Amino acid sequence: PAPGPEGRSRLSTAKLAGAILAGLVTTLFFTWDPGVGAEPFATRFGVSAIIAGAAHMAAAADVFRAPNATRGLGLYIVAAAFLVYGLEQLHYAAIDIATTVLGTGQAVAYSAYLGFLDFLIHTAMALGMVTWLLEDERGKTLRAAVEIQHLAYHDTLTGLPNRRLFLEHLRLALANAARTEGMAGIFFLDLDRFKVINDSLGHAAGDRVLQAVAGRIRALVREGDTVARLGGDEFTILVPDVRGSEDLDAIARKVRDAVKEPIL
């Protein structure tokens, strides 16, 4: 099976760590022998550039595919900067090969102009990282606010609206019915002998029964209707627009037939 996000993250981290270690070893190898000739130096510099280029391009791919990252301008700037820097390092390696193998002096002169590009790339990396961190903090704050609001108005077990949200929907439905001279329907349901399930099979099984019942009822109603859990084994259904008692009878039969099906 394909590895999950955590497995891919560990694999990417190991891959980048290996590339960085290889680059450090190559650099230290050159530093250890400062009197090395031009040709061995060029070989070692080219290897370092290739490793650095591959590492930064891999980092760009990992940043772009980060599963839990906040996707915004900062992430794309960082990924693009890593990618361009990796390509530049490979270009350095190509220049080194051209200088060493072909003996073209123009390649050495041309490489000096890439210093300004280095400055632009590093600036983009810094600005992108700051922007990414700010966007990530803002995203976390917004997600926390949404989660808090959801917890305040929804039942944590079934995900249905709770009593507070149900009463708010009921207030709006009654106001709309009074304005349009229409009708609204309210159903109250509680599960008979639910205590037997908790006592015989345990509360975990009782929770699964509540979740199954909630899912069945929610699947029956229209998008504008409200299914809420008031607490315990008590549910309500609010139908804000009905034509008469025939509609209510039909809904009641559908709910009864759905709930009476066995729950395995």
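Buried residues, meaning those under 20% relative accessible area with a 1.4 Å probe and protein chains only (over 50% is exposed, and in between is partly exposed), make up 33% of the 264 residues in the protein chain. This is a predicted model, in which local features need pLDDT of at least 70 and side-chain atom pairs count only at pLDDT 80 or more, while totals for chains, interfaces and linings use all residues. Residues are numbered from 1 along each chain as its sequence is written, and side-chain values use heavy atoms, with hydrogens and water left out.

**Fold and contacts**

- The protein chain has nine helices and three strands, which are DSSP runs numbered from the N terminus (H or I with at least four residues for helices, E with at least two for strands).
- Read from the N terminus on, the order of these elements is α-α-α-α-α-α-β-α-α-β-β-α.
- Of the contacts in the protein chain with a separation of 6 or more, 64% come from residues 24 or more positions apart, a contact being heavy atoms within 4.5 Å.

- Not counting residues up to four places away in sequence, F235 touches L160, F187, F188, L189, L191, L210, V213, A214, A228 and R229.

**Helix α8**

- With 18 residues, α8 reaches 26 Å from its first C-alpha to its last, close to the 26 Å expected at 1.5 Å a residue, where the expected span is 1.5 Å times one less than the number of residues.
- The residues A205, G206, V209, L210, V213, A214 and I217 are buried in α8, and the buried residues of this helix pack against β1, α7, β2 (226–231), β3 and α9.

**Second largest pocket**

- A pocket is an open set of points on a 1 Å grid over the protein atoms alone, where a 1.4 Å probe fits, with protein on both sides within 12 Å along at least five of seven lines, and its lining residues have an atom within 4 Å of a point.
- The second largest pocket holds about 310 Å³ of space, a volume being the space filled by probe spheres set on the points, which are joined across faces, edges and corners.
- Its lining has 15 residues, of which D190, L191, D192, V213 and V259 lie nearest the centre of the pocket.
- Two or more lining residues come from each of β1, α7 (194–201), α8 and α9, and α8 supplies the largest share, three residues.
- This lining divides into 11 nonpolar, no polar and four charged residues, where Ala, Val, Leu, Ile, Met, Phe, Trp, Tyr, Cys and Pro count as nonpolar, Asp, Glu, Lys and Arg as charged, and the others, Gly among them, as polar.

**Individual residues**

- E88 lies in helix α3 (residues 73–102) and counts as buried because its relative accessibility is 4%; leaving aside neighbours within four places in sequence, E88 is in contact with L114, L117, D118 and I121.
- L172, in helix α6 (residues 163–180), is partly exposed at a relative accessible area of 45%, and although L172 and P240 are 68 residues apart in sequence, they are 8.8 Å apart in space, C-alpha to C-alpha.
- L264 belongs to the segment after α9 and is exposed, with a relative accessible area of 97%.
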